[in-house]
Amino acid sequence: MDDMVSTDSLILYIKKIFHNSSDLFVEETKWQDRTAVICYYTVMTEGAQVNLQLELIRKRASDGLIDWGETAISSVHAFSVSTLTESVSSGFVAVIFPETNLLLQIKMPKFAMRSPNEPDNEHVIRGSHDGFVEGFDANMSLIRKRLAIPDLVVQSLRIGNDTKTHINYVYIESIADEDVVADVKKRLESIKSNKVISIGQVEDYLEDSVWSPFPQFLNTERPDRVVANLLEGKIALFTDSSPTALIAPVNFFSFYESPDDYNGRVLVGSFYRLLRMLSFMTAIFLPAFYIAVIGFHSDIIPLELGKQVKLAVNDIPYRPIFEALLLELFIELIRESAIRLPTPIGQTVGIVGGLVIGNAIVSAGLVSNFMVIVVAMTAISSFVVPSWEMNMTIRIIRFPFMIAASLFGFFGIAIGTLVLFIHLMNVSSLKQPYFSPIVPFDPSRFKDVFFRSPYVRLKKQQKTFTHGEDKEGGNR
Amino acid sequence: MKRNACILLICSFLLSGCWDERQYKDITIVSLIGVEGKPGDVKAQFAYPTFEDGSISYSTSKGSGKTLREARNDANHRTMEGLNIASLQVLFIAEDTAKSDIYEYIDMLYRDPRNRLGAHMAIVQGDLASYFKPSAHVGDDVATYYSNLLETAIRYTFIPDIDIQQVSTVLFAEDISLSLPYIEIEKESGIPEIAGTALFNKKEFTGETLDKKESILLNLLRKKKGSFARFSYIWKSGGEESPLTVQVVDNHKQWKISNDKIEAFYKLKLSVEEFPHVGLDKKKVIKEVEDFLSKEMTKEFNGVVKKLQEAKSDAVGFGRPVRAFHPALWGKGDWTETFAKLPISVKVKVEVLRTDILN
């Protein structure tokens, strides 16, 4: 009778800890000749499975096994309130034995999981079409499937006092630079925040310079991309609840590589990689160049073209910078609205924005048709970049260039370019140079950065960053 | 150090800025300039496109002043926007104006870094206004017409390929004389056409011109062939007659200069473009054609040189090697005077390289 009272009070006590949450399952059950309390969240654990597992463990206990509670998914701990709350919050089943003061933990959480579909923002034509999902185990299995080696290491830690978010970092022990790995660990441990919700938040904490417009981590949802980068000695970070992996240390040119390059053929891959590099130039400089030409350096327009340009700009009441900003505003609005809307409506917005407004804005005399060409070309160029972050970066940094061009002409663009490149050379990703291999200069790696060199000729282990005299780095 | 660098960078922005801005819609693109008058009383005409309601029309504007720049400023009073000559295509100088030092008129063009020195320059016969509004229809945009006219003529070796930048180089050289395209209005049709080459002595137009065929020969003498250089003759041999057109494929020159004479040898490699007379596959006939052409061309080349000497204009540039390697001859005095009196003989040897498409 005394037992019963204590069990009842235990149940009440547990309910109190979890604030009477209605999805909490707390029931007393018979365990051989004693009583036990089963406790779990019904939304995170399948009840039928619990019964099966309990049956199994009961049988082990009645068989008199000493380690009756130790199976592949269960373990026995000494009872404490913190163990209890942690287990139950993680979606485990806790079975409490008040008499022996033990806690049996059964790990069988059930979460809703997407199938590993190809990520919408990183489509490829050839190559694998799977992508990460919102669960680290599934993601890691996708990586392990591709890298069947014992050197692939996962380290995990929990950050955020309120959210207890799992952060996992993955690397290949024999290739990754141990200093960089230690640095990542140190930085992760130093995150002092109560709430860590998204991977983007983690990125903020890890970045060398938060205010740089250039992303210092490569975000991807593609396992093949992660694997390729791991093999180059980089580190991938995952949270448990996000399909996005952060890859570092990266350099500027990593953002211009697509799995398509390596899935396709050599010449094709090289051509399109060069085209993407060129798109960096057009996406940043084209509107600035046009504004500078119209405002300052009209002498360089060939006469035949000049007549058409003048015909177009002659009746525009505004300065070219306002024309450009107006159109850019339009494009950004269309782009932003198309993202938020469901796909069929999004396409409609694209057509309405692109064709109808584009045409109407010219005939209304607000913007010259050359400016429409320039801005459209710029927008398309910025979409060529295979990485979303770099895409956004490029969209943003062309505005200072446009303003510089409208104030100082080509001279402004030249100074802007100077500042841009000085910045690019100073930025680092996990303390590794961002603009490598140009600074520090290493022409031997150009062929793999600007072109896609054939696999048959890649003899040396490829690494993004090299240290030491042998330029091999790490401790191979 | 860092502070100084910053100050330097910020100060450098003062070099250029919004105050230098010249919006493209606020300028008028002048593509053709004509200069006439005499020093101290320059009259200039400017042709430019005007833009209205989405269509292009062309107009001209006149100005006068002591200098070309003043004339331009004067013309500004009669145009909507400022005249900008940064996209200049063609510069015309009237025949009578060119007879005095032409550099006095064009000096302004070299003093603004924005000006286009790649424009063509030509001497026009007679009244300038008739070239800006020709009686015959040559298209609304006369500047494009003249620019294309001159470029085609350069391709066909009719006129020397020379732009405003090269004009100043040659103008100040003592050992070579300027020669410019010469344009006149054809009497019957009223269409402006390339008439040949205007010859200069020092900085002044001599009044002497070469016709079209002589112009081609002059350019061959200078070894400055365009894409095409064609000649036609009537070939006569043993009572037979046949028209003959040849094209110059290759051109070798060799000058033998001594203190009292210059002997020039030219070896022209030709391809036969027209020769209805059958038998060019025979070596004998080819030899006959070669001999005939050598004789004819020697005569014509000498004629051109004679004309140059009469005009005291060393447009070929015989003075260049003379100045470099023959100081005794060069030291005789003013080169154009020496050139005019120097016996110069030209010998042409013709080799028929190609006789038809297959050979």
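A salt bridge is a side-chain nitrogen of Lys or Arg within 4 Å of a carboxyl oxygen of Asp or Glu. One such pair in this structure is B:Lys202 and B:Asp334, whose side chains meet with 2.9 Å from N to O. The structure is a predicted model.

**Chain B as a whole**

- Chain B contains 12 helices and 14 strands.
- The C-alpha trace of chain B spans about 80 × 55 × 50 Å along its principal axes.
- Of the 359 residues in chain B, 52% count as buried.
- Among the contacts in chain B that link residues at least 6 apart in sequence, 64% join residues at least 24 apart.
- Chain B is divided into two parts, with domain 1 covering residues 23-210 and domain 2 covering residues 212-359.

**The interface between the two domains of chain B**

- The C-alpha centres of domain 1 of chain B and domain 2 of chain B are 31 Å apart.
- In this interface, 27 residues of domain 1 of chain B are in contact with 31 residues of domain 2 of chain B.
- The size of an interface is often expressed as the accessible area that is lost when the parts come together.
- Domain 1 of chain B and domain 2 of chain B bury about 2300 Å² between them, and 53% of this area is on carbon and sulfur atoms.
- Within domain 1 of chain B, the residues that lose the most area to domain 2 of chain B are B:Thr157, B:Asp175 and B:Leu210, which together account for 30% of what that side buries.
- The rule finds 3 salt bridges across the interface of domain 1 of chain B and domain 2 of chain B.
- Between domain 1 of chain B and domain 2 of chain B there are 13 residue pairs in polar contact, with both residues at pLDDT 80 or more.
- On the side of domain 1 of chain B that touches domain 2 of chain B, the elements giving two or more residues are helix H6 (142-155), strand S9 (192-201) and strand S10 (204-210) of chain B.
- S9(B) supplies the largest share of that side of domain 1 of chain B, namely 8 residues.
- By class, the residues of the side of domain 1 of chain B that touches domain 2 of chain B are 13 nonpolar, 8 polar and 6 charged.

**The interface between chain B and chain A**

- The contact between the chains involves 31 residues from chain B and 27 residues from chain A.
- Chain B and chain A bury about 2600 Å² between them, with 59% of it on carbon and sulfur atoms.
- In chain B, the residues B:Tyr24, B:Lys25 and B:Phe51 lose the most area to chain A, and together they make up 29% of what that side buries.
- Across the interface of chain B and chain A, the rule finds 5 salt bridges.
- B:Asp141 forms a salt bridge with A:Lys307, in which the closest N and O atoms are 2.4 Å apart.
- The rule also finds 13 residue pairs in polar contact across the interface of chain B and chain A, both residues being at pLDDT 80 or more.
- The side of chain B that touches chain A receives two or more residues from each of helix H1 (2-12), strand S1 (27-29), strand S3 (41-52) and strand S4 (55-65) of chain B.
- That side of chain B has 12 nonpolar, 11 polar and 8 charged residues.

**Chain A and the residue A:Asp261**

- Chain A is divided into domain 1 (2-106), domain 2 (136-250) and domain 3 (263-433).
- The centres of domain 1 of chain A and domain 2 of chain A, taken over C-alpha atoms, are separated by 34 Å.
- A:Asp261 is found in helix H8 of chain A, which covers residues 259-263.
- A:Asp261 counts as buried because its relative accessible area is 2%, and the cut-off for buried is under 20%.
- The side chains of A:Asp261 and A:Arg276 are joined by a polar contact of 2.7 Å.
- Not counting residues up to four places away in sequence, A:Asp261 touches A:Tyr256, A:Gly269, A:Arg273, A:Arg276 and A:Arg452.

**The residue B:Glu300**

- B:Glu300 is found in helix H9 of chain B, which covers residues 283-311.
- B:Glu300 has a relative accessibility of 19% and therefore counts as buried, since buried means under 20%.
- Apart from its neighbours within four places in sequence, B:Glu300 is in contact with B:Lys213, B:Leu217 and B:Tyr233.
- B:Glu300 and B:Thr60 are 240 residues apart in sequence, and their C-alpha atoms are 42 Å apart in space.

Technical notes: Residues are numbered from 1 along each chain as its sequence is written. Chains are lettered from A and ligands numbered from 1 in the order in which they are written. This is a predicted model: local features need pLDDT of at least 70, side-chain atom pairs count only at pLDDT 80 or more; totals for chains, interfaces and linings use all residues. Side-chain values use heavy atoms; hydrogens and water are left out. Domain bounds come from an automatic or database domain assignment. Contact means heavy atoms within 4.5 Å. Buried area is the accessible area (1.4 Å probe) that two parts lose on being put together, summed over both. A polar contact is a pair of N or O atoms within 3.5 Å; within protein, one must be able to donate a hydrogen and the other to accept it, and residues adjacent in sequence count only if both atoms are side-chain atoms. Helices (H or I, at least four residues) and strands (E, at least two) are DSSP runs, numbered from the N terminus. Ala, Val, Leu, Ile, Met, Phe, Trp, Tyr, Cys and Pro count as nonpolar, Asp, Glu, Lys and Arg as charged, and the others, Gly among them, as polar. Buried means under 20% relative accessible area, exposed over 50%, partly exposed in between (1.4 Å probe, protein chains only).
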